[in-house]
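Hello,

I am passing a structure on to you, followed by short notes on what was found in it. Please keep it open while you read.

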Amino acid sequence: MEKSTSMPLSLDQIPARVAHFKIAKSTRQKRDKLGVLVVEDQLFSRRLLFEVLRHEFEVDLAANAREGLKLYLENAPDIAFFDIELSGESGHELARIVKALDPDSFVVMVTGNNSVEDVALAKSNRVEGFIVKPYSKAKIMESIEAYRSIRSGGKAT
Amino acid sequence: MTDPVNLANLREMTGGDAAIERELFAVFMDSSEKCFANLEANAAAGQEEAWRTEAHAWKGMSLNLGAESLGHLCANAQMKNTAPPEEKAKILAEIKDEYEKVKQYLKSVYPTTA
């Protein structure tokens, strides 16, 4: 089942969480499993992604950008999948904040639209990947393999 | 005649786990009923952006399930968020018709699915 999330974090409360984030980030190299954060507002799609990832990875799920940012700061995931069109702040906004906070982040944008504007915004945020729905196991694993190839010495999963 | 849902991609993601698929089908149908009701309400209230957002959400879900025709109808609805009420009524009728096929198909895969 999905992990429950408590009260969403307001984006203007970031400084209060940064110290905890630094501690969480320091554990990345010691983890047995890669941590993956999925921010996706559709329950069906979120549940489907969880099913693909849960056997091999530590998975956190969020339904909006605020919950996603809260979980990112709490757990410092190795890889993050952000749906672009979310209720409230967009996935682009979340990516922009995460990239500013964490230069070592590995962010993959997910969209059902594949518009020129979305691609341009993703590039301007310097994210590492871009997936067009429908999801597939191959697309997800390709992103994870890209992460592993970028990180020298890769981690066992 | 082509099935309204191609489950090949979904089954690769679920590993063919029947319990998970049942759960996903139930979530899909529950979410779809809400999407349809919201689209109807958005059309009646002339809420163009809410209509677009709802159609977008249903499109993504449908494509992830493998309901390609339903996904394309929702994509069409998303693009036509500023269409006049009579055109939206026609779009909704097409979506409802295709969704009924999808629902019946899912229920036939697991007859006990809610």
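Helix 5 of chain B

Buried residues in helix 5 of chain B are Lys88(B), Ile91(B), Ile95(B), Tyr99(B), Val102(B), Lys103(B) and Leu106(B). Buried means that 20 or more other C-beta atoms, placed from the backbone, lie within 10 Å of the residue's own; 12 or fewer makes it exposed, and anything in between partly exposed. Helices are DSSP runs (H or I, at least four residues), numbered from the N terminus.

This is a predicted model, in which local features need pLDDT of at least 70 and side-chain atom pairs count only at pLDDT 80 or more, while totals for chains, interfaces and linings use all residues. Residues are numbered from 1 along each chain as its sequence is written, and chains are lettered from A and ligands numbered from 1 in the order in which they are written.

The buried residues of helix 5 of chain B pack against helix 2 and helix 4 (68-79) of that chain.

Contact between the chains

In chain B, 16 residues are in contact (C-beta atoms, placed from the backbone, within 7 Å) with 15 residues of chain A. Helix 1 (8-14), helix 2 (18-45) and helix 3 (48-65) of chain B each supply at least two residues of this side. Helix 3 of chain B gives the most, with 7 residues.

Phe21 of chain A

Phe21(A) is in helix 1 (residues 15-26) of chain A. Phe21(A) counts as partly exposed because it has 17 C-beta neighbours inside 10 Å. Beyond its neighbours within four places in sequence, Phe21(A) is in contact with Leu73(A) and Ala76(A).

Regards

Definitions and conventions
Contact = placed C-beta atoms within 7 Å.
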